[in-house]
Structure formats: C-alpha cells, structure tokens
Amino acid sequence: MLLILPIILFLIVFFLIPYANMVYMSFLMKPAEGAYVRQFTLANYARALGDPFHWKVLRNTFWYSILTAAIALVLGYPVAYHLTRASGRRRAWLLVLLISPLLVSVVVRSFGWMILLGRVGLINQLVRSYGGPELALMYNPFGVVVGLVHVYVPFMALAIAGALQNISPDMERAARSLGAGQWRVFWRVTWPLSLPGVFAGTLLVFILAVSSYVIPILLGGSNVLVMPMLIVQMLLDAFNWPLGSALSMVLFGLTGALLWLYVKLLNRALRWSQP
Amino acid sequence: MRRGPLSGWGLGAAVTLIYVFLLVPILIVVAAAFNAGEYLRFPPQGFSLRWFVRFAQSESFVRAFLFSLQLAVYATLASTLLGTMAALFIVRHARRVRDALRLLMVAPLQFPAILTGIALLIFFYATGMGTRGMRPLFIGHTLVALPYVFLTVSTVLFGFNRSLEEAARSLGAGPFVTFRRITLPLIKGGIISGALFAFITSFDQFPISLLLISVGNTTLPIALFDYLRFSYEPTAAAVSTVSVLLSVAIVLLIQRLVGLEAVSWGGPR
C-alpha cells in the first residue's frame, strides 16, 4: 500500500484538483479589475459559445486535425505494414528511424520545416533556380498541416503496427492458398483485421492535433488561429481566467462529442461490412 | 521470416519516401548548424563550427540549456521513483482496482498537455504557490513524465518470471534482499528506459513549460521558440542539433536496454 499512496496523492493534488478547479473557474465571474470573484455565473459559457469568431476558430481547429489524421493514416499505414513484415535486425533499425523523430522536440522539427518552406527557404530557392514563381508554403494552413502530419505519422504507424503485429500470418497464408490474389488478401483479410489499429491511430492523432500549439504558431504565423492559441491568449495576454477556462471546457466537450460521433459511425460501418 | 503479399518494389519505394519525409526536416537543421554561411543556401557554403561557438557564447541559450538539464534530472528522479513504485504495486498487488489505477496513472498522457499546464497555472495562483522558481515546472514535468515510466516498467514486469523470486524466498532470503538481488537486476533495463523516456519528455517539454516559466527560469525549448518567432539564424540550428543528438542517443540506449519493440507496442501506446 505504501508503494502506491505517494503517487495517488501526487496525482490527486497536482492533476485532479487543478482540473476540477478549472471547471469551477469556468463558472466564476470576471470583474473589470482582478482575476475573478467567487460568484456563480454562466456568462463565460454564453460568451464562449455566443461569439461566431470562436466558432470559426473551432471549425478551423477541427478541420486541420481531421485533415492531419487522414493524411497521417495514408502515410502511416504503409510504414506500419512494411515494419511488421521486416525481419528482426532490419525491423529494429526501422524502429530507430521511426521513433527518433518522435523524441526530437517539436520546436526543432518546426524549425526544420521553416528552413525548408520559408519564403527564402530551400524549396523556394530550388524552384526559383528553375525559373519558377515564389510559392507560399508557410505562414498558412498548408504549412501547419504539413508540420502536424510530420509530427503524428510515427504515432499513427506505431498504433497500426501494434494491430498488424497481432494478425496471424496463417490467416493470410490460408487466403492465398485458397487462390486469393495479393490485393484481395489485403482488402479482405489484412485490412479488416488491422482496423482496431486504424481506429486507435486516427483517434490518437486527432486528439493530439486538436491540442497542438507550437506548430500552428511557428508554421502558421499570424494567418492561422487555432483553439489552443486562443485559449493561451485569453489566459496570458487578456488575463481572463474564467473565459479561458470556459473555452477549454468547450474544446474538451466538442472534441469528446466529435469522437463519440466517430466511434458510433465506425461501429455502424463495421456492422455493415460484416457478413 | 514473414513475407507479405505486398512486399514488392512499390511498397519499398513509397515507404522510403515517407521515411525521407520524416527525417529530412531534422537532418536539414543539423546541416544548417554546420554550414559556414549566414543563411542556409543550397548548395551549402562549407563546413564550420562557428554557430556552435556562438551558442556557447550566448548567455541566454547556455543558461536555458543548463536550467533544462537540471530540471530534467530532478523530474526524471521523481517520476522514476514514483512510477516504478506504482508499477510494482499495480502489476503485483492491485486486483479489483487495477484497471481504475492504470487509467489514473496514464491520465496525464491522455489530457492535452497545454490544458494541463493551464489548469496547473490557475491552481498554483489560487493556492498562493505562484509560479516563481523551478518548483512549479518540476511538478508539471514530473506529472507528464510519470506515465512513460509507469508504462515501461509495467511492460517489463508483465513479462517477469516470478518463480525466481519464489526460489530466493524459499532459500531463506527476506523480502528486501529478494528485491535488491533478484527483482531489481531483472527490471533494471525497464526502469532505466523509463527514466530515459522521462528525461527526454521533460527536456523537450513545451506546453507545460510555456505556462509555468517565470522570469529568469526559461527552458531550452522555450528559449528556442522565442528566438524562432523573430529570426532564424544558424545559432538556433546549433542549439537544435545538440537537442537532436541527445534524443538520438536516448533512442539508441533504449534500443540496447530493452528493445524499442517492447516499449512501442508491448504496453498500451
């Protein structure tokens, strides 16, 4: 019992209570001066949900995140497939290549994209040396999505590889021996069996992308505004903790609602696809 | 050896391109750090270490670097101790509440770090602790590093053969001797890997730090971020390169100690 007590205490005091406190804060009043007064109000939620500007920011945040999850799936799936089919030593090295970027700071990776995508960046230098026009690759949603996809492909690939790893090779062999071609085996056996990994990966990447902050700032500049940026501005610059907390709750709630919808749709699709 | 149905050239080429996409932005930063010119041009203008010298001479970067190292060491020690204890308890002793406890242990990983940072900021002000000094950062970093230690040590413990411990006990060893001589050496690799994950999580931590730093206590990622918002000259690349090398060293160490495969899809993500 002594082993677990300190950590439970630590998590209650520095994780559960702060979050509970944030929920509480979102119902407090913001006076003209000072941070907050202990008086119950729904005004913060009315403001958070009533402002069409907030909805625009929310829509952008979710749109970039959905796009990121979809592209990361397209890129992550082949990587996972290739990884689980590689033999021992090769697989170990592929994993080093896949996990190393994961452990490099997001700030450093954004910097790499700034060098590549910038107005006088390497790609534009290359294009111009062939007489091409200057391309706007950064400080717009395009740059943000490129950066997000770059960060989340390894997460997606690892989630899918986990599922592919559990498929018995006998299944595929059996399908082959019954005369199914390569693509048929893939679509009828491997892909359906890997779906749990695909769900886990897309959910994870979506959640992570919704709350990303560094990439939208560095690669989006002043042309992109996502929810985490708005919330941090509200807290640190406008010093409005109640409204910042309410906006955080709105982000939580809507993300949860979208995920619930996604899981429901997937379950229905799964039921249809089964004979 | 398992050969899949789609192991042809097409898949190989596509996957190679994706790995290039993953690695190029990182390699380009390293290349920029060793480039002699003021700006990064293609082709590069010769090899030079001048930007590393500039880094070493920059007081703000060096101070942030040392501060980050110190903070990461403290957060690693705390999260490794707490996380290992929790893993031992949950894997071995918890029965009915095991799932609930596991959920609680990994919760800091599931919640967006930026919102956790905000919650902590408000909490520290509300309780009068404030955000001065290293303490708030230490708490925040320990919090987000904990799940990694817990998951890695749990993974090792699940694959652990308990008959060795029973043998030691039956030969007359007490619980502490058994732990020190049998259990600890066997799960050492897992603990060290967890600690390495915790270290890099803290050293690279951004969202929590952004909200909890105070004047004079800036971490390296924040210093780099502030710098990049206004300019990107190669000193930042030299700083980044040091951080990249640290990450690569840690990946290779974990690979040697327990194998990346065990920690990538052995336990929950």
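Student: Where in chain B does pLDDT stay under 50?
Tutor: Over residues 1-5 of chain B. This is a predicted model, and for that stretch it has 11 contacts beyond four places in sequence.

Student: How should I read coordinates where pLDDT is low?
Tutor: Where pLDDT is low, the predicted coordinates should not be read in detail.

Student: What does the model score on ipTM and pTM?
Tutor: The ipTM is 0.88 and the pTM is 0.89.

Student: Good. Switching to architecture: how many helices and strands does chain B have?
Tutor: There are 12 helices and 0 strands in chain B. Its C-alpha atoms fill a box of roughly 70 × 65 × 30 Å along the principal axes. Buried residues account for 45% of the 269 residues in chain B.

Student: What share of the chain B contacts join residues at least 24 apart?
Tutor: It's 76%, counted among contacts between residues at least 6 apart in sequence.

Student: Which domains does the assignment give for chain B?
Tutor: Domain 1 (1-48) and domain 2 (58-265). The C-alpha centres of these two domains of chain B lie 29 Å apart.

Student: How many residues are in contact between them?
Tutor: 6 residues of domain 1 of chain B are in contact with 6 residues of domain 2 of chain B. On the domain 1 side, the classes are 5 nonpolar, 1 polar and no charged residues.

Student: I was looking at Phe55(B). Which helix is that in?
Tutor: Phe55(B) is in helix 2 (residues 50-57) of chain B.

Student: Buried or exposed?
Tutor: Buried, because Phe55(B) has 22 C-beta neighbours inside 10 Å, and the cut-off for buried is 20 or more.

Student: What is Phe55(B) in contact with?
Tutor: Leaving aside neighbours within four places in sequence, Phe55(B) contacts Phe61(B), Thr235(B), Ala238(B) and Val239(B). Ala238(B) is 183 residues away from Phe55(B) along the chain, yet their C-alpha atoms are separated by 6.7 Å.

Student: Nice. Now the two chains: how many residues does the contact take from each?
Tutor: 66 residues from chain B and 68 residues from chain A. On the chain B side, helix 1 (residues 9-34) of chain B gives the largest share, 13 residues. That side divides into 53 nonpolar, 7 polar and 6 charged residues.

Student: And the largest nonpolar core, which residues touch the most other members?
Tutor: Among its 153 residues, those are Tyr152(A), Met156(A), Ala157(A), Ile160(A), Val29(B) and Ile118(B). Helix 7 (residues 141-165) of chain A gives the most to this core, with 17 residues. The core also draws at least three residues from each of domain 1 (1-48) and domain 2 (58-265) of chain B.

Student: What does Val29(B) contact?
Tutor: Beyond its neighbours within four places in sequence, Val29(B) contacts Val108(A), Phe111(A), Gly112(A) and Ile115(A) in chain A. In chain B, the contacts are Ala237(B), Ser240(B), Thr241(B) and Val244(B).

Student: Last topic, backbone angles. What is phi for Tyr139(A)?
Tutor: Phi of Tyr139(A) is positive, about 60 degrees, although this residue is not a glycine. Most residues other than glycine have a negative phi. Tyr139(A) lies in the loop between helix 6 (122-129) and helix 7 of chain A.

Student: Where is Phe239(A), and what about its phi?
Tutor: Phe239(A) is in the loop between helix 11 (227-237) and helix 12 (241-273) of chain A. Its phi is positive and near 60 degrees.

Student: Why is Tyr139(A) counted as partly exposed?
Tutor: Because Tyr139(A) has 19 other C-beta atoms within 10 Å, and buried takes 20 or more. Phe239(A) counts as exposed because it has 11 other C-beta atoms within 10 Å, where the cut-off is 12 or fewer.

Technical notes. Residues numbered from 1 in each chain as written. Chains lettered and ligands numbered in written order. Predicted model: local features only at pLDDT ≥ 70, side-chain atom pairs only at ≥ 80, totals over all residues. Core = buried A, V, L, I, M, F, W, Y, C linked by C-beta atoms within 7 Å. Helix = DSSP H or I, 4+ residues; strand = E, 2+ residues; numbered from the N terminus. Domains from an automatic or database assignment. Contact = placed C-beta atoms within 7 Å. Nonpolar A, V, L, I, M, F, W, Y, C, P; charged D, E, K, R; others polar. pLDDT = per-residue confidence, 0-100.
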